[in-house]
Amino acid sequence: MRVRLLVFLLALLTAAPVFGQSVVQTENVRAELLADVSAVKPGEPFWVGLRQTIRPKWHTYWKNPGDSGLPTEIAWKLPEGAKADPIVWPRPHLFDLSGVINYGFKDEAVLLVRITPPANASGSFRLAPEANWLDCEDVCFPEDGKFGLSLAVTA
C-alpha cells in the first residue's frame with residue numbers, strides 16, 4: 001500500500017492528473033479533488049487527494065496550525081456504507097511571523113484521504129465533499145469549495 005501511495009503522490013506532483021478530478025478556483029487557492037483510480041471496486045480502498053495550489057507568498061494551515069490559523073477541513077458526502085479515513089497530512093512548513101509560530105503549506109499541498117466503498121457498491125460511486133480552509137499572507141481569508149467526482153464501479 002505504501003508503494004501505491006508514493007506512486008500516487010509522485011503522479012500528482014509531476015504530471016497532470018490522469019484520473020478523475022474536480023476543481024475549485026478561489027482568489028488565493030486552486031483546489032482539486034483527485035482520485036488515484038478511474039474506477040472503484042466494491043470494498044476495495046482507494047486514495048483521493050485534495051491538492052491545493054497556493055498563490056505565491058500565501059499559505060494554508062496544517063492539522064495543528066500553531067499559534068493561530070485553522071486547518072483545512074473536509075466534510076465527506078459519500079454513498080451509504082462508504083467510509084472516509086482521516087486526512088493524511090504532508091509535512092508542514094514552519095512560518096515565523098514576527099514571533100507568531102504557525103505550521104502550514106506554501107506553494108502546494110496534497111491532503112490524502114483513503115476512501116473505502118461498500119462491499120455492495122455498484123453503478124457509479126459519487127464523492128461530493130465540501131472543504132474549507134484559511135489562507136493568509138498579511139491578512140487571512142476563509143475560503144471553501146464544493147467538489148463533485150463520479151467514478152464507475154467495476155467488478
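This is a predicted model: local features need pLDDT of at least 70, side-chain atom pairs count only at pLDDT 80 or more; totals for chains, interfaces and linings use all residues.
Residues are numbered from 1 along each chain as its sequence is written, and side-chain values use heavy atoms, with hydrogens and water left out.

Start at H59. This residue sits in strand β5, residues 59–66. Helices and strands here are DSSP runs, numbered from the N terminus: helices are H or I with at least four residues, strands are E with at least two. H59 is buried, at 4% relative accessible area. Buried means under 20% relative accessible area, exposed means over 50%, and partly exposed is in between, for a 1.4 Å probe and protein chains only.

The side chain of H59 has a polar partner. It makes a polar contact with the side chain of Y61, at 3.2 Å. A polar contact is a pair of N or O atoms within 3.5 Å; within protein, one must be able to donate a hydrogen and the other to accept it, and residues adjacent in sequence count only if both atoms are side-chain atoms. Leaving aside residues up to four places away in sequence, H59 touches I54, F95, L97, F105, L134, D135 and C136. Contact means heavy atoms within 4.5 Å.

C136 and C140 form a disulfide, with sulfur atoms 1.9 Å apart. The rule asks for a pair of cysteine sulfur atoms within 2.5 Å, and the count comes to one disulfide. The link of C136 and C140 is right-handed, with 115 degrees about the S-S bond. Its two ends can be described by accessibility. C136 is buried, at 1% relative accessibility. C140 is partly exposed, with a relative accessible area of 40%.

Now the charged pairs. The structure holds six salt bridges. Each is a side-chain nitrogen of Lys or Arg within 4 Å of a carboxyl oxygen of Asp or Glu. One of them joins the side chains of R51 and E32, at 3.0 Å from N to O. R51 lies in strand β4 (residues 46–54) and E32 in strand β2 (residues 29–35), so the pair ties together parts that are 19 residues apart in sequence. R51 is buried, and so is E32.

Another salt bridge joins E130 and K77, with the closest N and O atoms 2.9 Å apart. This pair links distant parts of the chain, 53 residues apart: E130 is in strand β12 (residues 130–136), and K77 is in the loop between β6 (73–75) and β7 (83–84). E130 is partly exposed at 29% relative accessible area. K77 is partly exposed at 49%.

K83 forms a salt bridge with D85, the closest N and O atoms being 3.2 Å apart. K83 is partly exposed, at 47% relative accessible area, whereas D85 is buried, at 16%. Salt bridges that share partners also join R30, E32 and R51 into one network.

Finish with a sheet. Strands of a sheet pair through backbone hydrogen bonds, either parallel or antiparallel. Two strands pair here if DSSP finds at least two bridges between them. An open sheet of three strands runs in the order β3-β14-β11, with mixed pairing. Its edge strands are β3 (39–40) and β11 (124–127), and each pairs on one side only. β11 and strand β14 (residues 149–153) run antiparallel, joined by four bridges. F125 has L151 in β14 as its bridge partner.
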